[in-house]
Amino acid sequence: MYCVLLVILLQCCKLKAQENVFTLNKLVLTANPSKEVQNGEIVTLNCSAETIKRGNFVLNYTFKIFKYDDLLVSDTSEQEWMVYRISPARFSNSGEYNCEVNVKGKKKFSNLLYLRVKGIMKPKLTVQKTQVMEGENVLLHCEVTGENPPFYFTFYKIRHSARNSSVTKSKPERTENFAEVEFPVDERDTVLFFECTVTVSLAKESDTSEPSNRAVVGVAEPFSIPNITVYPQNVVEGDNISIKCTTILSHQHEIEMMLLKDKHILNDSSGGDSVTYSAVATTENSGNYTCKVDLGRVSKTTTVNVVVAELFSKPILHIPQKDLDEGSMTQISCLVNSSLPLNVSLMKDDTFLTDSISYNFTAYVAYSGVYNCRVEMKGIVKKSDPVQIRVYSPVSKPRLYRAIHFPEGAVLGRPFVLHCYSKNGTLPITYTLFRGNITIGKTEVKKDAPAEFKDNAIKEQVQGEYKCEAKNGHSKTSQSNGLNITVITPVSNISLENPSHGDIEDGQDLILFCSVASGSFPIEFSFFKENEAHSLRRVKENKIHTVTWYKTGLTSQDAGKYYCEADNSARSRLQSNPVIIKVILASWKKWLIALFVVLVILGIGGTSWWYFKKKAKAKGNSMELDGSMPPNNSVGEKLTSGMNNEGEMYYGSNYKEEGENHVTSKEDNKGPDLENTEVEYTEVEVAVPDPYRAPITKRNETVYTEIRKSLNDAAENRNSRIEGSSDGT
C-alpha cells in the first residue's frame, strides 16, 4: 500500500517538473520618450523580457539596470518588465545603459542604450559687494544645480567701455557644484559686469552652459588722477621754475605722491594731496615731468613736457690744431652766441687760465692738457665741451737692431725679430718698418720701450736692407740707418756613406763620408760610434758640404754602428742614418787556418794507417805462438799431450778432472818491449780423458793460455775462445 502511494507521488513530481519548462527568449532596453532628450525632461528606461514557457505557472524575475557597468537599481517581481525613471534628466545622466534579468539561474543581457541629454542647467552668479573701491577685490560665487561634478567654471570680468574688454579666470571643481574666485579692481575701472559659465565633460562628449545672470558692480575712486601745474608757463634760463602736482581724495587715505623727471625722483610726499619741485631754470630742466600717486595696488600718473628757452647758447672752444709741435705758436678762443654781456673764462685742467675769450701761447710739452671755456650770466653757468691738446717734442733718430736671441742672422723659413727705438720724443710714438720700399709693419708704442717687428726669412741670400721710421704727433719724422739681414740656411739631408760597401777585413783601413745637401757655412760635422759618449772627430767646414773620417788598422773591436751629425748657426742639428761596419778575418789568416787543418787531417790519416798495419802484423804473430809454444800448467810444469785410443786429445799427468789447467806461453826472445807487454787470457776448449772410464769418453776442459802482446793489440782479442777437437787443432 505504501509503495503504491510513493510511486504515485514520484510520478506527480515528475509531471510537475515537466510542466514548469521555460526559456528566456530576449531582453530589450528602451528609453521613453526617446534616447535623446532635453535637459529637464522626464525619461523612463524600460527593461522588458520575453519568456517562452510550457504551462501556466508564475516566475520571479530579478532585473538589474547598469550605467557603464555600475549598478543603478535592482528589483525582483513576477512582472516581465522593469521601469527606471530619471526625473528630471540632466546632462550628467548621459551615457551607456544596459540591463540584466535572472530567472531561476537563467540570465539574459539586454542591448546597450546610449542616452543623450542635451544642454546644461544655467548657473547662478552672486557677488559679495556691489560697490567697491579701486584696489579692492570682488568675490564671485558661481553655482549650478541638478548636475553632477566634475565641473569646469569660467568667470568673466567685463569693463564698461566702448570696446567692452573682458578678463577671464577659470577654476575646475571635482567635488562641489559651485566655485569662487576674486577679481582685482584696477584704477580707472568705473562700472564692472561679471558672468560665469560651467562646462561638464563626460566619457564621450562635453557641453557648456549658457552664461549666468550678469552681476553689476560699481567702482569708486579713492583719489583722482593727479594734475601738474608749471609756473611760469614760458620758462627762460635763469627763471625760478615751480612744478606742482595735486590730487583729490575721496576719503582720508595714506597715499604716496612722487614727482619724477626721466625716471629720477625730484620730490615726494606721504599722506598729503600735493608735491612741489622748484629750481633755477637751465636747459637741463627741459624734459618730461611725471606725477605719480600710489595707494596699495592703485597707481595713477600724469606727465607734462617742460621746455626751457636758452638765455645764451652753449660755448664752443675753438682750437686750430689739437696736436702741436713743441715751440709752435697757437691761439684758443671761446665762441658763444649772445648779445648780452657775459662773463667768460678759459680753463686748463679745471684751473683758471684767463678771463678773455681768446688766449695765445707758445706750445711746450707742459702745455699739454684738457682745455675748456666757462660762460656765466644771471647765475647760469655753461661750459664748452673739453678739448685735449697735446704738445709733442720731436722724436730722435731711431736705432734698428736685431733681437738678442737672433744675434747671427735670420734662419731660412723662420720668423726673426727686429727692434726699433727712439730715445727721445713725446709718447705715443708710431714705428714703421720697411724692407726696401715694402712696408713690413706698423705699431704704436705708448711707453718708453722699443717697438718689436717680426719678418720671415724667405730667400737663401741677403734679405735686403731694413729701415724703421719713428713718428709722433710732431710734424717731423725720423728714420733709422739701414740694416742688412743675412739669411742662414739650416743644414738638410745629412747622410753617412761607406765607400767599401761591404765587410772589412781586420787590419784594413776605414773611411766614412758625412755630407749634407745644403746649409750655410760654417758647418760643424761630428762623427760618432754608437754607445760611445765622445765624438770620433769634430770639424768645422767653411767651403764644402762633405767631410771624411779615416781609421787605419781595423780590429774586431771597431765593428759597430757609426753615424754623424751636422749643424750651423741655425741651431738645427741633424743626425745621419747609421752605417753598420763588420770586421771579418783577413784572407791570409783564413789560408793559414786551412793549411793547418789539412796537415792535421793528413797526420791523423798517416797515424791510422800505421796503427792498422802494425795491428795486423801483431795478430799474425799471436796465432803462431798459439800453435808452436809448449804450454805450462799453473805451477810451472810442462804439460804433455797425446792421443788416446779413440783419437781424442789429452794432456799429461798433471790433469785434474774437476779443475782446469792454465797454460802460459812465453816467447823465448824477451826484450825491453816485453817488459811492458800486456797479459791476455784466451779461453781454449780441450778434450780431457776420464781416468775412470775408457779413453773413448769425450770431455771438454777450458785452458787459459797467457799471451804476451804489444800495447797496441791489447784492446782486441781479449777473450778468444778456442774449441778443442778430435784432431787436436
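Buried means under 20% relative accessible area, exposed means over 50%, and partly exposed lies in between (1.4 Å probe, protein chains only). The structure is a predicted model, in which local features need pLDDT of at least 70, side-chain atom pairs count only at pLDDT 80 or more, and totals for chains, interfaces and linings use all residues. Residues are numbered from 1 along each chain as its sequence is written, and side-chain values use heavy atoms, with hydrogens and water left out.

**Salt bridges**

A salt bridge is a side-chain nitrogen of Lys or Arg within 4 Å of a carboxyl oxygen of Asp or Glu. The whole structure contains 22 salt bridges, including those tabulated here.

| Pair | Closest N and O atoms |
|---|---|
| R159 and D189 | 3.0 Å |
| E237 and K382 | 2.9 Å |
| E524 and R538 | 3.8 Å |

E237 is buried, at 0% relative accessibility, and K382 is buried as well, at 8% relative accessible area. D189 counts as buried at 5%, whereas R159 is partly exposed at 23%. R538 is partly exposed, with a relative accessible area of 47%. Through shared partners, salt bridges join K157, R159, D186 and D189 into one network.

**Nonpolar cores**

A nonpolar core is a set of buried Ala, Val, Leu, Ile, Met, Phe, Trp, Tyr and Cys residues joined through side-chain atoms within 4.5 Å. The largest nonpolar core has 25 residues, of which V43, L45 and F63 touch the most other members. Apart from this core lies another of 23 residues, with V144, A179, F194 and C196 among them.
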